[in-house]
Every structure is written in structure tokens, then in C-alpha cells.
Amino acid sequence: MPPKQPLRRQSVSVGRGTRKRDEDSGTEVAEGADEWAQSKATVRPPDQLELTDAELKEEFTRILTANNPHAPQNIVRYSFKEGTYKLIGFVDQLAVHFSQVGNLIPKDSDEGRRQRYRNNLVTGSEESAKLVISEAEVVEEEDEPKEAEAGSQTDLPAAEAAEKVAEELMTPKQPKERKLTNKFNFSERASQTFNNPLRDRECQMEPPPRTNFSATANQWEIYDAYVEELEKQEKTKEKEKAKTPVAKKMGKMAMRKMTSMESQSDDITKVTQAAKIVERMVNQNTYDDVAQDFKYYEDAADEYRDQEGTLLPLWKFQNDKAKRLAVTALCWNPKYNDLFAVGHGSYDFMKQSRGMLLLYSMKNPSFPEYIFSSESGIMCLDMHVDHPYLVVVGHYDGNVAIYNLKKPHSQPSFRSSAKSGKHTDPVWQVKWQKDDMDNNLNFFSVSSDGRIVSWTLVKSELVHTDVIKLKVEGSTTESLEGLQLYTVGCGTAFDFHKEIDYMFLVGTEEGKIYKCSKSYSSQFLDTYDAHNMAVDAVSWNPYHTKVFMSCSSDWTVKIWDHTIKTPMFIYDLNSAVGDVAWAPYSSTVFAAVTTNGKTHVFDLSINKYEAICNQPVVAKKKNKITHVQFNPIHPIIIVGDDRGHVTCLKLSPNLRKMPKLLRTTVGNNGCEVTAFGGSSRQQPRPSKVSSLCEVKGQDPPGGMTIPRLSPVRGND
């Protein structure tokens, strides 16, 4: 074995030397030349193109940019300023390929010392292992000749020495910890908590417009200005001398008003819109709890009540200018569900004064959005469905007027006069109707003078047409000269049919209700002996075409079928009833208000005999409630009293239940079987001569169903 190893090394060294000599001399190479030539041969892929030298030398430039080719270029964002979606020009081109989160620990801390100690242990063990292996190899090489000479006698001591060295190297040296000079050293320990990210709210606004004005002021210009002012004063004095004393007073008043209006308009118009927005923001913060109740509160106690409900008071609307005026009319805006109009006047004919038209918004309960004043009290109003900015009002002095909310001045845009056929008594109700054949605006009015007048807006003028004159039946007498005299019926309320355009009902002070037609001005279609005192309100059911309701100061509310002259339901509320209103979400729910300060809510599908909610609304017992209106969308009602206050109330869940499904089939014995929510009962078919009737349900819009109203004669 030993003599063969040097021979191999020698042969390898000789081969290398011959190759070097061949390369230096440039003569013929040795036997490995063919292999070297084969390794340098180029290998072409089968699909490589064969190009000429000119094509190979052609240069193609590529420009590297920082833009991300995968970044989208069509991102849009909604611009609240312009109200449209706008394309974003700047797109983030940054692409993160790798990110790692780490932390730093001070070396002098406890955790830093522990990590250093572990690292030293690991590195020390690796180095000691390397040293042991290298020293063992050295010891083996030194001991090989000794073993050949000394034989087996020295094997044991060498092995023991190697083991001792290995043990000494394998045992790690523990680093000496630094002694603290101060034994009472204080170290603060802290824990890291998650910091919530900060939010920045920004808003962009247009800078206020600026104008640069420059002028030179010297003595000549100042002198000229004074001279012009003196000339103007002299001219005005000459004009005043020529005027009469009455004209002078009127002119002075007009000048003062003009100057005050101009100064106010210059100062206020610049900040009106901003002030309104700020006022609404302040009110939303002030009435935040009320707004939360309006949006989310539901009375949980309704589940435990026996089909009874409650009214939750929300906002209270009042204005100092209308403090001593009664609420004579209420009407919701057909377009904006948070806006409603309030008419102020007086029902006491001995205390008649001014009137006011106020428009409130639920977003700002502290102050009205629009204020219009009038010389005579406002007794009724109505808002146009297609033009919600037009408000028609009826005054106590018999005039009717149209206010335009788009025009800021307080005077009405159109007003009747004695020449244009105004009423001679108070106007108790006005109603917008469909436009006439020439697309002119049209509305009707009823008054105590017995006239029902149709008003048409033709070329900025109100043109009147008497539709019908109310006459008390049986009151016609003949005078000595043979003339027929009749007593005029005093109209107090009216309502037009929802489907039949020509049909309408009129309530009178005598307690009778007349069914009239726009086509017949000489006679009535039907007459109902409804009440013993004046009829305060008449209203058709919004879903059922035959049913209407009336209320009176004789403490009763009656529900009628217009094909039958006797009422189906009679409710005695123990006080004069000021107003009634059908609910917009159900054909069986209606509300009534009485002069003792209570609001009554009925649901005929639940209880046909009494109200499911009787609740006092006003603070004082002396206050009388005059009007009530349902909101067309939200589950709230507004109630007005004779002190000028309007209260908003939220209906509890039991007061706004949807009617149950109605199933009607005809049995073998000729009886109708009516099923309410699974239970059924048989009812005999009414005869044609019967004075009572059944109101058959129709499916109203929105998937509602109307339960059957059974024939009941009220509370008798």
C-alpha cells in the first residue's frame, strides 16, 4: 500500500506538465484534442431563425419605466362636489414584492443579554467541535509513526488524552455577567399595545371669490363727490315740496324699507345657505336623542299589550311670531317627506287678527324654513302634487291666494279680490285638482257663503267659476211678490273622490253631507243626514272607493258607504272632534283628535268598537287639538293645537300593523265564508233593501289586503 500512492501522484503531475508544454509551444496537442473540440461545438435549437450578419448586428432598444403595466387605468371615484363619477388620473405604481416586520432590542436589556448568551453558546459549541476534530486528526498523524515503532504499548494513554481534550473543548465557557454598580437599579417594564390608526377628515371647498379694486383719491375727486351729493339732496327737496303731506309720509316709509331691505339683502344673502347648513348641524346635535328615537325606537311593550298601542312624542314645532294663533291647517309636502306646511289663524270670530303660513322641516325643529304673513287669518291650505312649491291658502276674509316657495318675498304670487269673485265668508277648505283642458292650474274652494268655486290660473290671473250653490232642502218659501226664497247651506268641508273625478262630498254647518257632481250645479246626487252639529271634516278612504268618513262637533265620528244613507260605524269620543285622517298604509286605520287634548287611533281590523289608542298629547288640559295628519312614508303623525304648537308623534308597532289576508268563498247554502288568518265564519248575504252593507276588500297597492268591515251600528 505505501509505495503505490506516490506513483499515482507522479503520473498525474506528468500529464499536467505535458499539457502545459504543448499549449506554450503551440505544437500538436496530446490525445485529448478531439474531446476539447467537441465540447466547444455550438448547439442550435430546432426553432432558431437563421439570420444574416446585418440582421444580427441590428440593435433593438428597450426603455425601462417605473410604471406598473398591471396597474388599472380606469378607476373612478364619486365626486360629492360635482355629484358625478370622475376618472382618477393618478394611480399608485408601487408594487411590493417582499416585506418583513421586525423589532429592535437594546443590547443592555435583559432580553438582549439572553440572546447574546444563546448565540455565544451556539458559536462556541461549533468552534469547539471543529477544534476537537482538527486536533484529533493531528494526534492521529503524529501517533502513526510512534505506533509503528512502539507498537501497542502507547495506544491507551493517547486515547485518554484525546478524550480529555475533547471534554474540555466541548464544555462551553459561560460568559461573565456584568455586575451592577448600583444594587438598587430601577428597570421599567412596559408592554406594547395596539395603537389605533389615526383618521383624517378633510373637506375641499372653493375659495371665496376675490376682486381687486384700486382707485386714486385726491382733493379734486373728493370735492366732486361732495358736489354730486349736494345736488342730489337739492333735487329730492324740490320733489318733496311738490308732494302732498300724505305722499311724503308714504315716500319716507318706502325709502326706509328699501334702504333697510337693501342693506339686509347685501349682508345676509352671502351667508344664507351656509348659515342654514350650520343651523341644521347644530340642531341635529341638539336633538340627537329625538332623531335616534324617530329612526330606531320601537315600543317593546306592545308585545305584552292586548292589541293596544301608544304614541311617542318626538319634536315640538313652535314659533314666537305665531304664539297666540291657532293651528288651522296642516299639510305634508308631496315630494319632500320631511317638510310640512302649517296655517295659523283663529277660530274665534270675535278675535280675528293676522295670519301666518309656516313651513317646517323635521331636520330643523327650532325654526321654520319659510315664513309668510298675511293680514287675514289663514283657515286652510293645500300643496300641489306636481308642483310642490305652490301652496294655495284660504283666508278668513273670503280671499284665496297662491304662494310660490321659489320666490323669497312674503307676498302671494296670486290673490283673489272683490272684482275677481272672492267669497263673502271664511274659506274653510281648498283642494288642488287636475289641470284643465288647456293645462292651466286649477283648485276648488268651499265657504260659508254656500258657494263652491273653481279657480283657474289663466295668464297670471285667477278666474273663478261657481260650480254649485248649496241650498238647504225644504227651506224654500215664496214671498209676497211670488219670488222663491231659500236658505243658503254653509259649507265647512269637502273632499273629492280618488277615482271618480266629478264626484265630491260637501259637509255643512247644518250637519248634512251632500254628494255633488262637477257637472250638475242645480241639484245634489244624494243627501245624508249625518250629524246634529257642524261637520268639521269629510274624507274618502284612500283604498276603498265606496267608503268615506266624517266627524263633527257633536262628539261623533261616522263611517259611511256612499251608496247607503245610514252610517256603518258610529264612534262617540265624549268631546268635540276637530279632525280625522285616514292612514296611508292601511284602509282600516284612522286617527281622530278631540278638543279635550286627546288623540284617538282606530284599527277596524283589530277592534271595531273602540280605539286601540287614547292618549293625551298637549301639555295643558285647556289646549284644544285642532288638526291631525299622517306622514305618507314614515310612521309618524303631526298634531296641531289652538296655541300654535305642532307636535310630532311616532306610532308604536301595534298601531301600524298590516291587515291580515282575506279569503272569501261562497258556500252551498248561498252564504259567504270569510276567513281571517285561518279562522272562518259564515255570513248571510245582505238583501238589496237592507240598510246595512258589507264593505268588500280590495287589494291596495304594495301588496296590502283590506279586511272585511262587518255591519255594525256603532256603540249603541
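Predicted model: local features only at pLDDT ≥ 70, side-chain atom pairs only at ≥ 80, totals over all residues.

Colleague: How many salt bridges does a search of the whole structure find?

Modeller: The search finds 13 salt bridges. A salt bridge here is a side-chain nitrogen of Lys or Arg within 4 Å of a carboxyl oxygen of Asp or Glu.

Colleague: Which residue does E369 form a salt bridge with?

Modeller: E369 pairs with R280, and their closest N and O atoms are 3.3 Å apart. The pair links distant parts of the chain, 89 residues apart: E369 is in the loop between β6 (355–361) and β7 (370–374), and R280 is in helix α8 (residues 272–286). Helices (H or I, at least four residues) and strands (E, at least two) are DSSP runs, numbered from the N terminus.

Colleague: And is E369 buried or exposed?

Modeller: E369 is buried, at 16% relative accessible area, whereas R280 is partly exposed at 27%. Buried means under 20% relative accessible area, exposed means over 50%, and partly exposed is in between (1.4 Å probe, protein chains only).

Colleague: What about D466, which side chain does it meet in a salt bridge?

Modeller: That would be R451, at 3.0 Å from N to O. D466 lies in strand β15 (residues 461–469) and R451 in strand β14 (residues 451–458), so the pair ties together parts that are 15 residues apart in sequence. R451 counts as buried at 13% relative accessibility, and D466 as partly exposed at 34%.

Colleague: How far is it from N to O between D495 and K498?

Modeller: 3.6 Å, and their side chains meet in a salt bridge. D495 is buried at 7%, while K498 is partly exposed at 47%.

Colleague: Which residues are linked in a network of salt bridges?

Modeller: E298, K650 and R656 are.

Colleague: Changing topic: which residues gather in the patch of negative charge?

Modeller: E221, D224, E228, E229, E231, E234 and E238 gather there, on the surface. One of them, E229, is found in helix α6 (residues 219–242) and is partly exposed, with a relative accessible area of 42%. Patches are made of residues with over 30% relative accessible area and no salt bridge, joining like charges within 9 Å and nonpolar side chains (Val, Leu, Ile, Met, Phe, Trp, Tyr) within 5 Å.

Colleague: And which residues make the nonpolar patch?

Modeller: V76, Y78, F80, Y85 and L87 make that surface patch, about 630 Å². Strands β1 (76–79) and β2 (84–87) each supply at least two of its residues. V76, found in strand β1, is partly exposed at 41%.

Colleague: Where is K558?

Modeller: K558 is in strand β24 (residues 556–561) and counts as buried, at 13% relative accessibility. The C-alpha atoms of K558 and F569 are separated by 5.5 Å, and the two are eleven residues apart along the chain.

Technical notes: Residues numbered from 1 in each chain as written. Heavy atoms only, no water. Areas by Shrake-Rupley, 256 points an atom, 1.4 Å probe, with all protein chains shown as cover. Lys, Arg positive; Asp, Glu negative; His and termini not counted. Charge placed at Lys NZ, Arg CZ, Asp CG, Glu CD.
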